[in-house]
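The sequence and the structure are shown first.

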Amino acid sequence: MQLTVWTYEGPPHVGAMRVATAMKNVHYVLHAPQGDTYADLLFTMIERRDRRPPVTYTTFQARDLGADTAALFKTALAEAYERFRPQALLVGASCTAELIQDDPAGLAKALGLPVPVVPIELPAYQRKENWGAAETFYQLVRSLAAPTATEVKRAVAPNARPSCNLLGPTALGFRHRDDVAEITHLLDLIGVDVHVVAPLNAEPADLARLAAADFNVVLYPEVAGLAARWLERTFGQPAVRTVPIGVGATREFVAEVSSLAGVDAEPLLEPAQSRLPWYSRSVDSTYLTGKRVFVFGDATHAIAAARIAAEEFGFTVVGLGSYSREQARDVRAAAQRLELEALITDDYLAVEAKIAELEPELVLGTQMERHIAKRLGIPCAVISAPVHVQDFPARYSPQMGFEGANVLFDTWVHPLMMGLEEHLLGMFREDFEFADGAAPSHLGHAKASAAEGAPAEAAVAETLQDSDVIWALEAESELRKIPFFVRGKARRNTEHFAATQGIQTITLETLYDAKAHFGR
């Protein structure tokens, strides 16, 4: 084990919680100590959910370890069933409770509850969150679909449209809600109905109907890949494995779906479906061509982002990596196509060192890389979980499909365009229209000194007439290096500091002293 400040994935029981929270009428009873209830905050604070996750904790304490902790679990399970009356129960242990080996599966079976009880055994010290989500979804599908699948196998009218299941979206997933809406709309345009979406908003009864669809669409392989393979082996359901992120991948997705469904989707392959191809060739975007980009995230989003960056934006991908060890082979293959060596690690310090070494001009990553890039002064856009609250927007913001490609263009280009604007401001810093003392050009009462093209020094001096302090030229020059949006505050703070210290002339040393004073 390794002590760390940040982590890309939580323990596997957090993955199980993501599946349980995404579904309806499912309750998860977790054998866990009092401190493990922190996981609730992931959903209520970060994802902004309006209700707590459907999880009951046994919350045993240190003093309970000398007594019968198994009895605590049985009591908690029975009370959870009586209170919530779910259609299915999940039972398992957190990483801490795993050490006391109380066997939640056996204890739950002994109670003989009248609903399906699905035991989730998650090796907390060998596996992590995404694996836990995949294993939980797989066990639910296997337990709930298998007994009834033969009864619901398709008996469809000859003129019915083909149908599919969308597999993989969970709670706390990066833009999963909007991806499902976008792909559902796209499938409708193709002529395919969505039979079941799972786990997101699905009930146990919906999992029992999975086999009635013609095929499955695996939106997020980290979560749904295992269950999709089982459905294919058991019921002969083929799976669409092309993840539709980016224009090229979305076209391939449409072609794969239309082939399985036996429909003609040729009109949807027209370039006009997305604005990204034209925008990436437009004059404004010519500035972006060849920009050096570093990509890191979960395997699905990192692989997709690297392809889009190289093929659709004209960027130069200088680094590609992932924390998803289960999909490391796919990431390495994607990196090899770009003539790179993949970085497979869950150590954010190794990622930071790699970014510093490669010196990219844009970072595409998780919230970890956002913090790293901020420290290194590099533009960054978030493309993958783990994410923070700002990456669960109220607006419609998918990553998948043709509209998702438009969102990607705006999201990735914005940090670089801001960098260009800063560059232009620096180039024209001495121009009279951009001087600190120049009045806004759209106002009719602009000061004569600025309107007549007075030197920047005169305009600056005019703004200082009301002040009791004088700025030395070297200090004034240093002040101009401060970004424009905080320069006014820096000026006011420095002048206030000088006044309180009885300083008449602000020198370079005074500026630094003021910075140190207000930085405490």
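The model is predicted: local features need pLDDT of at least 70, side-chain atom pairs count only at pLDDT 80 or more, and totals for chains, interfaces and linings use all residues. Residues are numbered from 1 along each chain as its sequence is written, and side-chain values use heavy atoms, with hydrogens and water left out.

The axes of helix H7 (residues 176–190) and helix H10 (residues 247–261) come within 11 Å and cross at roughly 50 degrees. H7 and H10 are therefore oblique to each other (angles under 35 degrees count as roughly parallel, over 145 as roughly antiparallel, 65 to 115 as roughly perpendicular and the rest as oblique). Ile183, Leu186, Leu187 and Ile190 of H7 make the contact with Thr250, Phe253, Val254 and Val257 of H10, where contact means heavy atoms within 4.5 Å. By class, this contact has 7 nonpolar, 1 polar and no charged residues.

The structure holds 7 aromatic pairs. Rings of Phe, Tyr and Trp (its six-membered ring) pair if their centres lie within 6.5 Å; planes under 30 degrees apart count as stacked, over 60 as edge-to-face and the rest as tilted. Two of the pairs are tabulated.

| Pair | Centre to centre | Angle between planes | Class |
|---|---|---|---|
| Tyrosine 8 and phenylalanine 296 | 5.3 Å | 50 degrees | tilted |
| Tryptophan 230 and phenylalanine 235 | 5.7 Å | 90 degrees | edge-to-face |

Tyrosine 8 lies in the segment before helix H1 (12–22) and phenylalanine 296 in strand S9 (residues 292–297), so their pair ties together parts 288 residues apart in sequence. Both tyrosine 8 and phenylalanine 296 are buried (under 20% relative accessible area; exposed is over 50%, partly exposed in between, with a 1.4 Å probe and protein chains only). Tryptophan 230 counts as buried at 7% relative accessibility, and phenylalanine 235 counts as buried at 16%. Ring pairs also link Phe313, Phe315, Phe409 and Trp412 into a cluster.

Methods. Axes are lines fitted to C-alpha atoms, for helices over the stretch in contact, and angles run from 0 to 180 degrees between N-to-C directions. Helices (H or I, at least four residues) and strands (E, at least two) are DSSP runs, numbered from the N terminus. Ala, Val, Leu, Ile, Met, Phe, Trp, Tyr, Cys and Pro count as nonpolar, Asp, Glu, Lys and Arg as charged, and the others, Gly among them, as polar.
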